[in-house]
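Visitor: I would like a short tour of this protein. Could we go through it with questions and answers?

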Amino acid sequence: MNSQNLQKIQQVNPSNMAPPGGHYSHATIANGFVFVSGQLPITPSGDRLNQASFEEQVKQTLSNVKTVLEAAGSSVAQLVQMRVYITSISNWPSFNQIYKEWAGQSLPARAVVPVPELHYGFSIEIEAVATVS
């Protein structure tokens with residue numbers, strides 16, 4: 001990859017969020033898209049909401065996705081795809097209702113995938129792709 005292509009890649013780590021928990025950025029902007037890393041229910045101050053209700057975890061995680069999108073110059077309305085990982089498929093209806101309110105008129109492609117477990121005992125993780133203004 002030449003240096004011109006490298007200059008088109010930008011990492012996004014909003015100052016109003018807890019820093020990433022590993023060797024990654026909250027998002028990367030490239031070629032007119034923002035790729036949001038898997039977001040977990042972690043508050044801006046770094047509190048892990050693994051003991052909170054599923055609904056609280058969903059709301060915090062969606063809030064984190066929105067914060068990253070906005071920091072990247074994007075928005076919920078510009079979402080292209082969402083991948084949602086949940087530890088119990090029985091939580092799908094609850095997730096879908098909260099998500100519908102959060103997303104509003106935005107209807108990106110989406111997958112909700114049941115998984116056996118997530119880091120720190122969380123119940124949800126969400127990654128996303130959106131366009132950048």
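This is a predicted model: local features need pLDDT of at least 70, side-chain atom pairs count only at pLDDT 80 or more; totals for chains, interfaces and linings use all residues.

Visitor: What is the volume of the largest pocket?
Guide: Rolling a probe the size of a water molecule over the atoms shows where empty space is left. For the largest pocket, the computed volume is about 370 Å³.

Visitor: Which residues are the closest to the centre of the largest pocket?
Guide: The lining of this pocket has 24 residues. The closest to the pocket centre are Pro19, Gly21, Tyr24, His26 and Ile42.

Visitor: Which element gives the largest share of the lining of the largest pocket?
Guide: Two elements give two or more residues to this lining: β3 (33-39) and α2 (54-71). The largest share is four residues, and they come from α2.

Visitor: How do the lining residues divide into nonpolar, polar and charged?
Guide: Nine residues of the lining of the largest pocket are nonpolar. Two are charged. The polar ones number 13.

Visitor: Is His26 buried or exposed?
Guide: His26 is found in the loop between β1 (10-12) and β2 (27-30). Its relative accessible area is 6%. Buried means under 20%. Therefore His26 counts as buried.

Visitor: Which side chain joins that of His26 in a polar contact of 3.3 Å?
Guide: His26 touches several residues beyond four places away in sequence, among them Val12, Phe35, Gln39 and Val68. A polar contact needs N or O atoms within 3.5 Å. At 3.3 Å, the side chain of His26 has such a contact with that of Gln39.

Visitor: What is the bridge partner of Ala30 in β3?
Guide: β2 and β3 run antiparallel, joined by four bridges. They form a hairpin with two residues between them. In β3, the partner of Ala30 is Phe33.

Visitor: What is the phi of Asn31?
Guide: Asn31 lies in the loop between β2 and β3. At 65% relative accessibility, Asn31 counts as exposed. Most residues other than glycine have a negative phi. Asn31 is not a glycine, yet its phi is positive, about 50°.

Visitor: Is Tyr120 buried, exposed or partly exposed?
Guide: Tyr120 also has a positive phi, of about 60°, although it is not a glycine. Its place is in the loop between β5 (109-114) and β6. The relative accessible area of Tyr120 is 32%. Under 20% is buried and over 50% is exposed, so Tyr120 is partly exposed.

Visitor: Which side chain makes a polar contact of 3.1 Å with that of Thr43?
Guide: Thr43 sits in the loop between β3 and α2. At 13% relative accessibility, Thr43 counts as buried. Beyond four places away in sequence, Thr43 touches Ala18, Leu49 and Gln60. The polar contact of 3.1 Å joins the side chain of Thr43 to that of Ser45.

Visitor: What distance separates the C-alpha atoms of His26 and Gln81?
Guide: Along the chain, His26 and Gln81 are 55 residues apart.

Definitions and conventions: Residues are numbered from 1 along each chain as its sequence is written. Side-chain values use heavy atoms; hydrogens and water are left out. On a 1 Å grid over the protein atoms alone, a cavity is a set of points where a 1.4 Å probe fits but cannot get out, and a pocket is an open set with protein on both sides within 12 Å along at least five of seven lines; lining residues have an atom within 4 Å of a point. Grid points are joined across faces, edges and corners, and a volume is the space filled by probe spheres set on the points. Ala, Val, Leu, Ile, Met, Phe, Trp, Tyr, Cys and Pro count as nonpolar, Asp, Glu, Lys and Arg as charged, and the others, Gly among them, as polar. Buried means under 20% relative accessible area, exposed over 50%, partly exposed in between (1.4 Å probe, protein chains only). A polar contact is a pair of N or O atoms within 3.5 Å; within protein, one must be able to donate a hydrogen and the other to accept it, and residues adjacent in sequence count only if both atoms are side-chain atoms. Contact means heavy atoms within 4.5 Å. Two strands pair if DSSP finds at least two bridges between them.
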